[in-house]
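Biologist: Could you take me through this model, beginning with the ligand site and then turning to the aromatic residues?

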Amino acid sequence: MKETVFSGVKPTSVPHIGNYIGALQQWVKLQQDYNCYYCIVDDHAITVPQNPKQLREQTHAIAATYLAVGIDPKKSVLFLQSDVAQHTELAWLLMTITKMGELSRMTQFKDKSQKTGSQSAGVGLYAYPVLMAADILLYDATKVPVGEDQMQHIELTRLLARRFNERFGQTFDVPQPMIQKVGARIMSLKDPKKKMSKSDESKSGTLFLTDSDDDIRKKIMRAVTDSTAGISYDPENKPAVSNLIGIYHHMSGIEIADIEKEFSDKGYGDFKSSLADVVIHHLTPIREKILYYLNNKQELNEILDQGFHKAYPVAEKKIRFVKDQMGLGR
Ligand code: AMP
Ligand code: TRP
């Protein structure tokens, strides 16, 4: 029996190469050895104010991206969280065993509620990690590939699974995080101290998977470099160039030492120009596939429908068992 993997991305914007290198590229590989559930977590996206039209567009964009990067709906279950109501149902059940103090400690909640203050923050934002625990536990996933920033949420998931099992008898597997070492953090092209992110005000620090060849080349040629010359991998002392070398490595498959060798006697200009070639070469077919699916929404929706039909019976069976364990029902 293969172990089960669960992961998801929020449809809050078009994905960027940080999402791709840090998450999606790894997901594609896992399909060989695991039974994978890859979800578009739209119920999580609405924990911050959303524009309904944009949310639907971004949901399609994430689904198209999953397919474009190589997630194969024949091998993996690719589906939309809000299609399977058992996610929110299980979140409610788990909330009854979650302590307020445990949720108040979550750094993502603290960060995101900072603007309004915790008294004005939404209850949905507060309960976000419980919904994430529900996603994972509903499918008995044992492995959860995520970026470092999600570790605390996985810890809470493990705690809730154990607490539930202690109170109501063996019900949930306790999942483990899977964190990739190199590429766990791709930094902004404009500021190597900041994580590349969807919400970067200046879009010039973020390479989106749908950027045109021209945009990619411009952004890379204008990327900041370090004060010392030379192309070498040294994240401590040369964070900007090391970030670019990391991107080069993940886009070309060439080892870091070989990249250093190739550019040892060349300047930043040559290196960036070659990096732009490599990134464009890698992303062009992905972008074309994303655009294909966005122009063929019916095909895209049919794939999501197939995913729903695979996820739903598993979720339904599990929720019945959970409710039975808790004494709910007649
Ligand atoms: P999010 O965009 O926050 O929904 O994240 C989706 C996935 O991409 C998560 O597993 C994140 O940890 C990962 N991720 C987001 N930004 C980066 C980044 N700059 N570098 C590496 N991984 C990232
Ligand atoms: N919270 C995750 C993020 O922001 C997304 C997510 C929701 C997720 N449910 C999940 C990731 C379940 C892994 C497993 O990246």
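**Ligand site and aromatic pairs**

Modeller: In this predicted model, a nitrogen atom of ligand 1 lies 2.8 Å from a backbone N or O atom of Ile186.

Biologist: How much of ligand 1 does the protein bury?

Modeller: The protein buries 90% of the 490 Å² that ligand 1 exposes when taken alone.

Biologist: And which atoms lie 3.1 Å from an oxygen atom of ligand 1?

Modeller: An N or O atom in the side chain of Asn19 is at that distance, 3.1 Å, from an oxygen atom of the ligand. A polar backbone atom of Gly147 is also 3.1 Å from an oxygen atom of ligand 1.

Biologist: How many residues surround ligand 1?

Modeller: There are 17, and the closest include Asp149, Met196 and Lys198. They divide into six nonpolar, six polar and five charged residues. Helix α1 (residues 17-30) supplies the largest share of this shell, four residues.

Biologist: Turning to the rings, how many aromatic pairs are there in the whole structure?

Modeller: A search finds 15. In one of them, Tyr248 and Phe263 are edge-to-face, because their planes are at 70°, over the 60 degrees required; their ring centres are 5.8 Å apart.

Biologist: Where in the chain are Tyr248 and Phe263?

Modeller: Tyr248 is in helix α10 (residues 239-252), whereas Phe263 is in the loop between α11 (256-262) and α12 (268-295), 15 residues apart. Both Tyr248 and Phe263 are buried.

Biologist: Is Tyr293 buried or exposed?

Modeller: Tyr293 is buried, since its relative accessible area is 15%, under the 20% limit.

Technical notes
Residues numbered from 1 in each chain as written. Chains lettered and ligands numbered in written order. Predicted model: local features only at pLDDT ≥ 70, side-chain atom pairs only at ≥ 80, totals over all residues. Heavy atoms only, no water. Near = heavy atom within 4 Å. Polar contact = N/O pair within 3.5 Å; in protein donor to acceptor, adjacent residues only side chain to side chain. Areas by Shrake-Rupley, 256 points an atom, 1.4 Å probe, with all protein chains shown as cover. Helix = DSSP H or I, 4+ residues; strand = E, 2+ residues; numbered from the N terminus. Nonpolar A, V, L, I, M, F, W, Y, C, P; charged D, E, K, R; others polar. Phe/Tyr/Trp six-rings, centres within 6.5 Å; stacked < 30°, edge-to-face > 60°. Buried < 20%, exposed > 50% of the residue type's maximum accessible area, 1.4 Å probe, protein only.
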